[in-house]
Every structure is written in C-alpha cells, then in structure tokens.
Amino acid sequence: MPRQVKYPELSHLSPKSRDAEIKRMWRAKKMLDPDEAQRLREQNRKDKRNSRANQKLKQAANAEPPAKRRRVTTPDAIPSDSHAPASNSPTVMAGLSHDAPNTAGPSNIPNSTTVHRPSDVILDHVLVPVQTLPSRQFSDISVTTEPLHSTCDVEVMTDLRSIDPSPSPNNHAAPSTPLTPLTPHSDSKDLATDIIGVQVSSYSETVKWSSGFTTVLPCIWKNGKNICQADADTVRYFSQLPESDPESSTHVVHIHHHDWSSRPEELRDLIAQTLREGKCIVIRGTDKPQAATLDVDYLEDRGFSQLMRVSIHDVEERTRDYTYPQVEGTIEEFIRNLDDPNKIQFILDLPYTGAGIPEHLRQFDHGIVHGWNQTTADYPIDAKVHPDNFLLNGWALAHHPGVVTNFHHDSDGGVTFVQPVLGKKMWVTAFPKNEKISRTTFLRHSLQLTNLLEIRSNIEANWDMEVVTLLEGDLFIQPPGQYHAAFTPMASFAKGAHCLNFELMHEVELSRHVDANKGNFLTNQVHEHSIETLERMILHLPRASSHTRLFTRPLIALCMMVIDAHKYVAAGSDKKNPAQRDMDKANTVYRLGPGKRPGVQSLTYPGEPVDREELAKCLQQFTNF
C-alpha cells in the first residue's frame with residue numbers, strides 16, 4: 001500500500017517550492033498563538049545578532065595583522081632597560097574611561113582611519129604593551145567600507161524579516177560603520193551595537209555625543225542611499241552641542257528626586273519659580289527604571305490594546321511630505337514594524353489620562369485643579385467641551401530607534417512634562433540669547449530654527465543650545481513655548497502631560513501668539529482646547545485661595561487671552577469671534593511694563609505679585625450665591 005502523502009494539495013509543486021510553502025503554513029499557524037509569536041520574534045532577533053557577530057569574526061580573521069608600532073623616544077620616556085611601560089609612550093595603549101564625557105563633541109574621521117570606540121577597549125585603567133596584544137584583537141579592526149551582508153539566511157520562520165538590501169551591482173557601498181567586539185557589550189553608553197541590523201539598518205552610521213553616549217544615525221536604505229540623510233546630518237549636529245552641566249547651566253536646573261521626595265510643596269514652588277523665569281528643570285530618578293521590552297504585551301499592560309487604531313508618523317513618508325507623515329495603523333502593526341530595519345516610526349498621541357504628572361506634582365495643574373474642579377458648582381457645564389481639556393493631562397509616546405524631531409514648541413501654551421519609561425532620549429533645548437528682544441524679533445528668530453542646516457551660524461548667534469540626556473525614570477519639565485528638538489536612539493515608551501498654571505500665563509500668551517502667527521511652521525501637533533480651560537481659570541479667580549500666587553503680567557495675559565480669544569487661535573484652525581473690548585491699556589502695560597518703554601522688560605518677566613485685597617474687591621460681586 002503506497003504511503004499517504006502528508007500534504008496532497010502541494011503535490012504539484014517542485015520540492016523546493018513545496019518546502020517553502022510548508023514553512024509558510026507552519027509559520028502562519030504558530031503566529032496565531034501570541035506567546036509563540038513573541039518567542040519566535042525574540043529568536044529572530046537573537047539569530048540576527050549571532051549572524052552579524054559571525055560576519056565580524058570572519059572579517060577579523062581575514063584582516064591583515066596590523067603593523068607593529070616603532071618605539072619613539074620622547075623626553076619623558078622611561079629608559080629602554082625599564083621593564084614597566086611608560087603611560088605616555090606611543091608603545092602603550094591606556095584604558096579609556098567609559099564615563100568620561102567628550103565635551104568637545106565628535107570629530108570628522110576619514111573612512112580610512114582606524115576608529116576605537118569605547119567598547120573596543122578591553123580593560124579600564126590598565127596599561128597594556130602593544131607588543132603583547134594578539135594581532136587580531138578587535139581594537140585593531142578598521143572602519144569597513146563594504147556593506148554588511150544581509151542576515152536573511154538565518155531568518156527564523158516568522159513573518160518578520162530583514163528588509164536591508166543584499167549587496168548587488170545595483171547597490172552602492174554602504175556608509176562606513178565601525179565594528180565592535182562580539183562579546184555581549186558591557187558599555188552602558190553604547191546604544192548602537194545591539195540594534196544595528198536588528199531594529200535599524202545594517203548601513204546605519206554611528207556618532208558619539210558630548211555626553212559620551214554612542215548612538216546610531218537615522219538611516220533608511222533605499223536604492224543605494226540613505227533617504228534620511230538630512231535627519232542624520234541634524235543628529236550629527238545635535239551630538240556636537242554641549243551636554244547640560246548641572247553646575248554651570250544657566251538655562252536648566254538639575255536636581256535629584258531623593259533630595260525632594262519628602263518636600264513636595266517646596267518642590268512645586270521650585271518648579272514654578274524655575275519655569276516662571278523661562279528655564280527648564282530636570283528631576284533625576286523620579287521613578288525607578290524598568291527592565292522590560294517594548295512589545296504588545298508591555299503596551300497591553302498599560303491599557304493599549306494591540307488592535308487599537310493609532311496615527312503613526314512614518315519617517316519615510318516624512319521624506320516625501322513633511323507636512324503630513326501620518327499613516328493609519330494599529331499598535332500591533334507599529335510593534336511588528338519595530339523589527340523591520342528599514343522602517344522608522346513613532347506615535348505622538350497615545351491617550352494616557354492621569355498618568356502624565358507624578359501624583360505629588362498634580363497640584364501644579366491649575367487648569368484642572370482650580371479651573372475645572374472648583375467652578376462647576378457656580379457655573380455648571382452646559383455646553384460641549386473639547387476632550388483635549390482632559391486628555392492632555394496625560395499622554396504617552398512610542399518610538400522606534402532613530403527618530404529625530406526637529407525644533408518646535410508644543411502648541412496652545414501648555415507646560416510640558418515628559419518622562420522616559422523605556423529607553424533614553426536626547427532632549428535638545430534652545431533659549432534666546434537676548435531675552436529683552438521685541439515680540440516681532442522673537443518670532444523672526446524662531447523661524448530660523450526651522451532651517452537648522454542652512455543658516456546654522458545665524459541660529460548660533462541668536463540662540464543658546466544644550467542637550468539634556470534623559471535616562472529611564474528622569475522627569476523633564478519645560479515652560480510654555482519652550483523650543484526643543486528630540487532624538488530617540490532606541491525603542492522607547494515615554495509618558496507626559498501638558499497643563500496650565502496661573503504663574504505662567506505670560507509665557508502661555510507668548511506661545512499662543514506664536515501659534516496664531518506661525519503655528520504651521522513651529523509646532524508638531526495642533527490643539528484647540530485651551531480657551532475653555534482659560535475661561536474656567538478666570539471663573540475661579542473670585543474664589544482663589546490666598547495660597548495661590550498671582551502675578552501682574554500673567555494675570556493680564558490670562559484676561560487678554562479670554563477677552564481677545566480670536567487673536568490666539570492657532571494658524572489653520574477655526575477662529576472664534578467673541579465680543580470685542582478695549583484692552584489697549586492693559587496690553588501696553590503687559591508688553592512694555594509700567595514705564596511703557598520698549599527693550600526694558602524681559603519676555604519671561606512675570607511682574608509684581610498681585611494685591612490680593614484689591615483683586616478681591618474687584619471680584620466681590622462674583623462671589624455671591
């Protein structure tokens with residue numbers, strides 16, 4: 001009796017085609033089980049890393065041994081009969097500290113130059129004679145000018161595969177990429193090695209930041225070139241900017257959470273004072289870093305279904321149309337694309353209501369705490385309310401590695417809280433060198449930031465820039481209208497929030513003034529909700545506690561934005577037309593100060609504290625039941 005064929009429906013195929021179809025069927029069946037699908041993805045990543053490591057070993061084995069260096073006599077060299085090598089002799093290689101920042105920034109290194117990356121050094125603080133080093137140590141590997149081979153030959157049978165093109169006559173040589181030791185890297189500042197060829201293109205170049213971190217440069221390899229070269233040039237420039245120094249920075253206040261954890265009220269006062277002066281503040285160690293992987297299970301645990309529909313920003317689409325880079329998709333598709341080295345995507349608007357501001361700082365959100373929570377008894381909500389009034393006090397961001405966001409400010413004038421939960425971020429801040437410039441000049445200088453690579457010298461003449469490297473658990477808070485850019489070097493999940501505060505209304509007004517005039521160029525996400533929250537904050541004033549600090553310019557700004565609301569609607573949005581009132585006197589005092597002289601008052605100056613007794617008399621009629 002003939003043996004029964006296992007797959008009779010495939011009997012018409014050739015043996016090779018039949019095997020391929022059986023593998024495809026097996027893969028499809030396995031992917032129906034979420035646990036099994038996740039295991040296969042992890043195995044796929046592991047096999048890609050192993051394949052890349054084997055390629056490096058072969059390249060190292062085939063490389064010519066480096067020429068021995070000749071001893072050069074120097075005035076301070078140790079005599080030749082000494083058995084101990086001199087630390088300053090060219091025949092000795094000293095171990096480099098991984099923690100020492102490179103404040104000079106990266107240098108431009110020709111392709112033919114041997115590059116030693118931090119992780120290439122075998123021992124720290126140990127002097128090793130060059131003559132005793134094996135000829136094929138990884139520290140002697142030169143920069144390669146050949147493209148790395150595709151890892152598709154070791155692909156696990158899943159639906160995820162490497163899309164990097166294999167070398168062919170039609171593809172030009174890839175940009176040079178430094179090689180690294182093949183042992184599991186222990187350099188905590190090397191953020192590039194483990195993801196090249198796995199989550200980012202094998203052709204990705206790397207750069208070392210002034211903080212000492214090494215990251216990839218954005219790369220999507222199409223038709224023999226990097227179509228993200230402008231992004232790569234931008235990140236290279238950012239990497240050369242100085243890292244914010246806790247001791248000397250005049251724009252960013254650095255503190256550690258454990259020094260303030262028992263004094264939340266004092267911490268809120270410090271944050272308010274810092275932002276009121278137009279500065280930013282970073283609170284290190286606000287939360288404990290998590291050991292987790294960005295996948296569908298991680299997001300499911302935080303309330304995001306894998307089938308949730310989201311607007312995904314796609315970097316390849318952005319190279320075609322910068323004004324509309326969004327594609328529709330699901331959380332599951334976004335996570336699946338994380339393992340496609342030729343896709344770079346991110347999500348900016350994951351609702352995460354209530355989770356964006358740490359609990360001990362939530363009193364800082366005056367729009368919710370005072371505006372909405374304390375006015376509905378006097379003035380019940382009897383009309384439609386924009387959902388952003390409540391959704392923006394908690395949101396989340398999800399990024400693939402290699403995403404750069406160019407300079408912008410967050411629209412509609414909110415204070416911004418941002419906290420990396422998984423993955424690190426390089427937060428680039430820009431501050432005007434002259435804080436007493438006119439609003440017209442400020443707007444003109446702001447537009448310079450949209451053309452970073454073309455007019456760099458003009459930007460550097462008008463703006464101070466520095467980088468704040470945010471680690472997992474750090475909390476960064478910036479005032480309304482703060483110009484910033486960001487680079488995400490690794491798969492990342494971050495949370496944050498926008499809020500309004502009585503003490504910062506003068507900065508809110510300036511930010512919304514910019515939105516109304518040039519919002520199409522200077523913000524990355526438009527919101528139209530603030531007027532309703534500002535109105536609620538006005539309604540709260542008659543019952544505001546004496547503990548709520550009020551300053552003259554912020555209070556005038558709040559009134560201006562409500563009375564002349566049509567002047568502050570972001571460009572491109574629908575404009576409202578409330579009744580006009582005479583605001584000339586208050587407007588003049590607000591912009592020029594009591595002396596009414598231009599060039600005297602800083603854009604971020606809050607003015608004098610408000611006389612609360614006088615304010616209470618003015619608002620007395622509104623406190624009657």
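1. The crossing of H13 and H14 is left-handed. This is a predicted model. H13 covers residues 530-540 and H14 covers residues 552-563. Their axes come within 10 Å and cross at roughly 125 degrees. That angle makes H13 oblique to H14.

2. Which residues of H13 meet H14? They are Ile531, Leu534, Glu535, Met537 and Ile538. On the H14 side, the partners are Leu558, Cys559, Met561 and Val562. By type, the residues of this contact divide into eight nonpolar, no polar and one charged.

3. Is H13 enclosed or open? Eight of its eleven residues are buried, so H13 is largely enclosed by the rest of the structure. The buried residues of H13 are Ser530, Ile531, Glu532, Thr533, Leu534, Arg536, Met537 and His540. Ile531, Leu534 and Met537 are buried, and they also take part in the contact with H14.

4. Now the cores. The largest nonpolar core has 30 residues. Trp209, Phe238, Phe407 and Phe442 have the most contacts inside this core. Several elements each supply at least two residues. The helices are H3 (229-240), H10 (439-448) and H12 (505-522). The strands are E13 (403-408), E15 (425-432), E16 (463-470) and E18 (483-488). H3 gives the most to this core, with four residues.

5. What does Phe442 touch, leaving aside residues up to four places away in sequence? Its contacts are Pro432, Ile437, Trp463, Tyr483, Leu510, Val514 and Leu603. A second, separate core has 21 residues, including Met537, Leu541, Met560 and Leu615.

6. Leu447 lies in helix H10. Is Leu447 buried or partly exposed? At 29% relative accessibility, Leu447 counts as partly exposed. Its C-alpha atom is separated from that of His408 by 9.6 Å. Along the chain, Leu447 and His408 are 39 residues apart.

7. Last, the whole protein. The protein has 16 helices and 19 strands. Of its 625 residues, 51% count as buried. Take the contacts with a separation of 6 or more: residues 24 or more positions apart account for 80% of them.

Terms used: Residues numbered from 1 in each chain as written. Predicted model: local features only at pLDDT ≥ 70, side-chain atom pairs only at ≥ 80, totals over all residues. Heavy atoms only, no water. Axes fitted to C-alpha atoms, helices over the stretch in contact; angles between N-to-C directions. Parallel < 35°, antiparallel > 145°, perpendicular 65-115°, else oblique. Left-handed = near helix turned anticlockwise from the far one by under 90°. Contact = heavy atoms within 4.5 Å. Nonpolar A, V, L, I, M, F, W, Y, C, P; charged D, E, K, R; others polar. Core = buried A, V, L, I, M, F, W, Y, C linked by side-chain atoms within 4.5 Å. Buried < 20%, exposed > 50% of the residue type's maximum accessible area, 1.4 Å probe, protein only.
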